[in-house]
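Please keep the sequence and the model in view throughout.

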Amino acid sequence: MASLSSYLFSTLSKVGSIGGSGIPDFHYTIGDKIEAFAGKSIWDVHHSTRTNDAKQEATVFVLAKARGSSYTAVAQNTLKRMRTLRHPGILRYLEGAETAEAVYIATEPVVPLAQALDLDKSEELKRWGLYKIAETMRFINEDCKLIHANLSAASVFVTKAGEWKLGGLELVDSQTPAATPGGGGGQQQQAYRYYTGVIPGYSARMAPELEGQKWDAIVKAKPGAVDGWYLACLICEVYNGALRSASQLQSQGQIPAPLWSLCQRLLMPDLRRRMSPSEFLQTASRQGGFLDSEFIKASIFLENIAVKEEDEKAAFFSGLDTLIPGFPQAFSKYKILPELLKLMEFGGGDAKVLSGIIQIGKGLDEEEYNDLVTPAIVQLFGSNDRALRFSLLEYMDSFIQAIPSAVVSKRVFPNFVAGFLDAAPAIREATVKASLAIAPKLGQKVLNADLVKQLVRLVADPEPGIRTNALICIGKLCTAKEGVLDLDGGGVTESSHRYVICPALLQALRDPFPPVRSASLAVSTACASKWEAPEIARRVIPSLSSLLIDGEKPVRTAALKCLNAMVSR
């Protein structure tokens with residue numbers, strides 16, 4: 001038996017030796033074992049991927065049946081519970097399989113809690129984690145009428161977002177023994193009565209009623225009373241490290257004082273007086289309590305945003321961008337960001353939501369930005385929602401530089417340029433202003449053939465403000481080489497200036513709106529070196545002469561300055 005066990009453990013630890021294709025009806029390829037978790041649980045835990053999609057990550061739990069019938073029984077109970085218990089706080093089950101040699105369970109990608117705490121010691125993530133575990137235990141105890149009996153650091157796992165997920169379902173069973181199928185008056189065995197001995201380190205945290213085998217007291221206890229003890233064990237491990245003896249439960253150590261007072265109530269020997277996870281959650285969440293924090297409130301709101309009223313959403317998002325800097329970065333990246341992107345995609349977002357996305361995006365490296373934010377931004381530009389498009393244009397300079405130039409030219413600009421033709425003046429004006437942000441990401445061909453021509457077309461727009469802004473934008477593009485705007489792809493060509501821009505400037509000199517005339521004069525002066533002498537003599541100077549007696553002094557001043565520049569040319 002010993003040689004068989006050694007063989008199985010050797011086989012299970014080899015990367016690729018038990019790939020998904022080697023296990024019937026199991027579609028995950030088992031990768032590296034998490035060595036730091038060895039001996040903490042009955043399971044070997046492996047980083048894994050979907051067999052036909054290496055980008056789809058997973059975690060696979062493996063138990064070799066050669067370890068014995070008791071180990072096999074609790075592994076089978078875990079598989080059963082993972083398949084039937086579904087809750088956002090429970091480790092998400094993907095797939096399971098059982099062969100003659102082993103039990104396999106694939107879940108969402110996670111790491112053990114101890115490993116996550118070593119990487120991120122954020123107090124807010126600890127608070128949120130304890131909130132989620134207590135909430136999940138309430139579901140198991142009160143809604144499902146079950147006892148977990150194995151809550152510890154080894155039964156909690158953490159996602160990329162830093163969210164804690166409940167696992168360790170080896171001992172989960174009903175609080176009241178169920179009758180044996182087929183009658184006869186017998187009762188089914190309850191896992192937590194018979195199999196605690198297979199759980200590593202269990203004796204150091206065993207609840208007194210289990211240790212004393214007070215089964216009648218457990219049956220009569222309020223829901224969650226037993227698991228209150230184990231929640232206290234988890235708290236002690238989170239703040240003070242692994243439990244090696246029951247006496248450690250009586251030491252406060254690094255546990256914050258408000259939490260320690262609750263912990264003592266969770267450790268009451270008397271089941272009738274002991275606080276349950278549900279009662280812990282209710283008490284700790286009161287105003288001023290340990291779980292009363294802006295981070296937890298924001299997290300809860302995001303989880304329930306689908307059922308929130310519009311005025312509630314507006315109030316929440318109006319202050320979100322001020323809260324994000326204080327949130328853990330991983331949580332913002334993998335939890336808040338997907339929710340905000342989803343909200344924008346389905347038309348529930350506004351400028352504040354987009355502001356939150358951009359703020360989180362600032363903390364991402366180039367690869368992460370392109371993986372998480374760029375696809376969503378590209379998709380959002382294709383939206384027909386004017387409010388959304390206006391927000392994108394308004395915040396253009398905050399995100400466009402992080403998107404690759406090729407993506408901007410091929411996928412963003414075709415939708416962006418539609419804004420020049422929009423029936424809503426606000427969209428046209430915002431598109432003009434955003435042109436200066438997007439221009440550096442465009443190649444010279446696209447800049448001249450599309451962007452410049454669209455701006456020139458708006459010099460004749462019905463809205464005088466749009467005409468003015470279009471001229472200002474054209475001026476900045478024309479003088480980019482002088483440092484006004486950095487155009488990596490090349491600036492406005494001589495051909496565009498001569499045949500597209502110059503005629504538009506001459507037309508604008510006759511505009512009835514004084515700021516348009518002033519803007520045209522300013523652009524013409526700045527670009528004096530680009531005009532041809534014959535054009536200046538025949539068309540420009542005659543047009544400037546009449547403006548020297550314009551009714552508006554700013555126009556007359558600008559006209560004199562422009563005339564001097566042209567004569568010098």
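**A helix pair, a sheet and a cavity**

In this predicted model, helices α21 and α22 are roughly antiparallel to each other, because their axes cross at roughly 150 degrees and angles over 145 degrees count as roughly antiparallel. Helix α21 covers residues 444-457 and helix α22 covers residues 464-478, and their axes come within 9 Å. On the side of α21, the contact is made by L447, L451, V452, L455 and V456; α22 contributes A470, C473, I474 and L477. By class, this contact of α21 with α22 has 9 nonpolar residues, with no polar and no charged ones.

Attention may now turn to a sheet. Three strands form an open sheet with antiparallel pairing, in the order β6-β8-β9. Its edge strands are β6 (111-112) and β9 (164-166), each of which pairs on one side only. Strand β8 (residues 156-158) runs antiparallel to β6, and 2 bridges join them. Within this part of the sheet, V111 stands opposite V158 of β8. Helix α4, formed by residues 123-143, lies across β8 and β9 and runs at about 25 degrees to β9.

How many cavities of 30 Å³ or more does a search of the whole structure find? The search finds 4, and the largest cavity holds about 100 Å³ of space. Its lining comprises 14 residues, of which W43, F61, T78, G168 and E170 are the closest to the centre. Helix α2 (69-84) and strand β5 (102-107) are the elements that give two or more residues to this lining. The lining residues of the largest cavity divide into 8 nonpolar, 5 polar and 1 charged.

Key
Residues are numbered from 1 along each chain as its sequence is written. This is a predicted model: local features need pLDDT of at least 70, side-chain atom pairs count only at pLDDT 80 or more; totals for chains, interfaces and linings use all residues. Side-chain values use heavy atoms; hydrogens and water are left out. Two strands pair if DSSP finds at least two bridges between them. Helices (H or I, at least four residues) and strands (E, at least two) are DSSP runs, numbered from the N terminus. Contact means heavy atoms within 4.5 Å. Axes are lines fitted to C-alpha atoms, for helices over the stretch in contact, and angles run from 0 to 180 degrees between N-to-C directions. Angles under 35 degrees count as roughly parallel, over 145 as roughly antiparallel, 65 to 115 as roughly perpendicular and the rest as oblique. Ala, Val, Leu, Ile, Met, Phe, Trp, Tyr, Cys and Pro count as nonpolar, Asp, Glu, Lys and Arg as charged, and the others, Gly among them, as polar. On a 1 Å grid over the protein atoms alone, a cavity is a set of points where a 1.4 Å probe fits but cannot get out, and a pocket is an open set with protein on both sides within 12 Å along at least five of seven lines; lining residues have an atom within 4 Å of a point. Grid points are joined across faces, edges and corners, and a volume is the space filled by probe spheres set on the points.
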